[in-house]
Amino acid sequence: MLDLLGNLERTHYCGALRAPDEGRDAIVMGWVSGRRDLGNLLFLDIRDRTGIVQVVFNKESQPTAHAKAEQARSEFVVAVEGQVIKRQKANPEIPTGEVELIAAKLHILNNAKTPPFPIEDEINAAEETRLRYRYLDLRRPKPHRNLALRHKIVLEIRKTMDEMGFLEVETPMLTRSTPEGARDYLVPSRVHHGQFYALPQSPQIFKQILMIGGLDRYFQIVKCFRDEDLRADRQPEFTQLDVEMSFPRQEDIFRVIETVMVRVCAVAGIKTHGPFPHMLYKDAIRKYGSDKPDLRFNMELYEVTDCFPEEAKTKLGIEGSVFALAAPGAAGYSRKQLDELTEKAKSNGARGAYFVKVAVEGTTSTVEKLVGPENVKKLAEACGAKTGDLIVAVSAKQQIKGTEAAALVAGQVRLQLGEALNLIDRSQWKFLWITGFPLFEWSENDQAWVSAQHPFTGIVDEDLEKLESAPWEVRSKGYDLVLNGNELGSGSIRIHRQDIQERLFRALGLSEEQLRRRFGFFLDALTYGTPPHGGIALGIDRIAMLVAGEKSLREVIAFAKTTAAVDLMAESPSSVDQGQLDQLGIKLK
């Protein structure tokens with residue numbers, strides 16, 4: 001028979017007991033984590049969110065408690081009354097290893113079925129199983145640590161923003177659909193049949209309206225929603241730090257965010273400092289083949305198109321530019337390893353990958369035969385290759401993405417080699433601001449220039465005159481914050497003038513009717529004295545993932561969804577009753 005909690009009150013958390021507590025009476029509560037029966041002595045490990053303490057049941061001195069302990073099994077919920085004593089032999093593996101609890105009474109508060117996987121850090125359970133039984137997975141120490149760290153990160157952000165004069169303001173969860181590049185989650189209205197709310201992809205328009213309303217410095221820890229394909233670092237619902245300021249220079253926003261990130265890192269014991277370095281978008285693409293370069297290792301890219309004569313280009317199938325890098329000490333790569341690099345390059349859009357092994361005795365590769373010894377020497381000098389290095393060159397079809405397609409492919413090869421050659425210094429925390437983004441990018445699907453960022457991003461002043469005549473040359477006032485090759489967030493100085501905002505919308509091909517339907521209330525607001533303003537949004541989930549040393553967002557989110565946007569535990573999404581659909585005026589096809 002199970003016991004009732006009654007008036008029993010916990011006096012200590014399991015993981016809090018230490019040597020100075022010797023001789024004290026204690027009441028601990030938690031789950032049975034381990035059980036060892038030695039006859040007259042029975043040991044139960046009791047676990048709560050703070051850790052584990054060993055409890056001893058002595059058959060001779062406390063026969064009733066011992067008899068009850070014989071009934072306890074893994075994950076039973078119990079309360080134990082007893083006295084703290086020092087262990088005869090300490091266990092250095094756990095923080096409470098110097099003490100144990102001699103049980104006087106055991107209360108079994110609930111029983112439990114055998115869990116589908118052990119409740120411990122190192123388990124082999126599939127992620128799908130862990131997500132389906134998330135309430136069990138959350139009992140493990142690692143999720144406890146991750147969620148506690150996330151809590152401290154958010155708390156530190158709030159404290160820091162408050163100290164800098166920012167006000168946290170909540171914006172609506174139910175709003176109108178204003179697509180920002182991804183699909184909206186729509187919510188049908190019961191009162192207004194045929195009309196829908198949308199869950200916000202971001203509070204973008206509302207935070208700009210707060211600046212029009214004179215709030216001056218706004219922030220919010222906000223939940224956002226995007227109906228798009230998922231990856232390990234993306235969820236359909238996510239949390240972000242949203243920030244907006246009035247009358248800022250770009251440097252003012254950078255300084256605020258650098259202060260936040262330095263303090264967030266300190267919470268996790270990571271030492272870093274500002275100001276963070278800056279890099280132009282075009283330089284990031286040219287040098288690293290990425291707009292979020294990982295600077296924890298070198299190995300820059302170089303354009304080497306002129307090292308390949310026309311005849312060699314024809315035979316190698318090269319179209320457009322060629323980018324190359326020198327992989328240090330990789331001249332000994334086998335044919336299998338070179339084939340893997342080629343497949344990686346082609347999977348990212350390369351037309352081909354070409355290799356030169358820089359060795360003392362020279363090379364006789366196909367590339368050398370085609371381009372000639374002088375061009376091979378020129379290629380090695382261009383890449384800074386030394387004896388023992390492997391030169392990897394790639395070409396790509398230009399229509400993959402603009403004129404730097406080969407650089408983007410080479411950037412992926414760079415990351416692969418950085419991992420394979422153990423070049424990444426994982427003790428480093430390399431923040432970087434990327435600036436100078438193009439305002440537009442070419443869309444093959446639409447056969448038109450489309451906004452590379454959201455359509456409220458400011459335009460570099462001297463490029464305004466090119467907005468209609470040469471949109472591909474227009475630069476934005478946008479910026480990204482990057483950490484160790486991961487984009488943490490994006491922001492910009494905004495458009496605060498109605499005439500410029502309307503010009504941009506027209507450049508994007510939006511009609512007056514579309515503008516009024518999507519953004520009418522915002523365009524009206526711009527006419528009432530909008531101050532210059534700007535801001536940024538940083539992904540809280542991604543920040544927590546990185547500082548916790550995890551590779552997936554799901555490890556730092558309490559109730560995460562799979563890559564198919566499914567909550568396996570709650571079995572969501574799900575069908576609904578016909579009566580609910582009738583109330584909403586919805587008929588399913």
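Guide: Contact means that heavy atoms lie within 4.5 Å, and the model discussed here is a predicted one.

Visitor: Which elements are included in what covers the buried residues of H12?

Guide: Helix H12 is made of residues 405-420, and its buried residues include Ala405, Val409, Val413 and Leu417. The cover over these buried residues includes H7, strand S13 (322-327), helix H9 (335-347), strand S14 (350-357) and strand S15 (390-396).

Visitor: How many Å apart are the end C-alpha atoms of helix H12?

Guide: Helix H12 has 16 residues, which at 1.5 Å a residue should span 22 Å.

Visitor: Over the ring of which residue does the charged end of Arg414 sit?

Guide: Arg414 is one of the buried residues of H12. A charge sits over a ring only if, among other conditions, CZ of Arg is within 6 Å of the ring centre. The charged end of Arg414 is 3.9 Å from the centre of the ring it sits over, that of Phe297.

Visitor: Is the pair of Tyr281 and Phe437 stacked, edge-to-face or tilted?

Guide: This is one of the 11 aromatic pairs in the structure. Tyr281 lies in helix H7 and Phe437 in the loop between strand S16 and strand S17, so the pair ties together parts that are 156 residues apart in sequence. The ring centres are 5.2 Å apart and the planes stand at 40 degrees; planes under 30 degrees apart would count as stacked and over 60 as edge-to-face, so the pair of Tyr281 and Phe437 is tilted.

Visitor: Is the pair of Phe505 and Phe519 stacked, edge-to-face or tilted?

Guide: Phe505 belongs to helix H13 and Phe519 to helix H14, so this pair ties together parts that are 14 residues apart in sequence. Phe505 counts as buried at 0% relative accessibility, and Phe519 is buried as well, at 3%. With ring centres 4.8 Å apart and planes at 5 degrees, the pair is stacked.

Visitor: Which residues form one aromatic cluster with Phe505 and Phe519?

Guide: The rings of Phe505 and Phe519 have their centres 4.8 Å apart. The cluster to which they belong also holds Phe456 and Phe522.

Visitor: In S5, which residue is the bridge partner of Glu81?

Guide: Five strands close into a barrel in the order S1-S2-S3-S5-S4, with mixed pairing. Within it, strand S4 (residues 77-86) and strand S5 (residues 99-110) pair in the antiparallel sense over 10 bridges. In S5, the bridge partner of Glu81 is Lys105.

Methods. Residues are numbered from 1 along each chain as its sequence is written. This is a predicted model: local features need pLDDT of at least 70, side-chain atom pairs count only at pLDDT 80 or more; totals for chains, interfaces and linings use all residues. Side-chain values use heavy atoms; hydrogens and water are left out. Rings of Phe, Tyr and Trp (its six-membered ring) pair if their centres lie within 6.5 Å; planes under 30 degrees apart count as stacked, over 60 as edge-to-face and the rest as tilted. Helices (H or I, at least four residues) and strands (E, at least two) are DSSP runs, numbered from the N terminus. Buried means under 20% relative accessible area, exposed over 50%, partly exposed in between (1.4 Å probe, protein chains only). A charge sits over a ring if NZ of Lys or CZ of Arg is within 6 Å of the ring centre and within 35 degrees of the ring normal. Two strands pair if DSSP finds at least two bridges between them. The expected span of a helix is 1.5 Å times one less than its number of residues.
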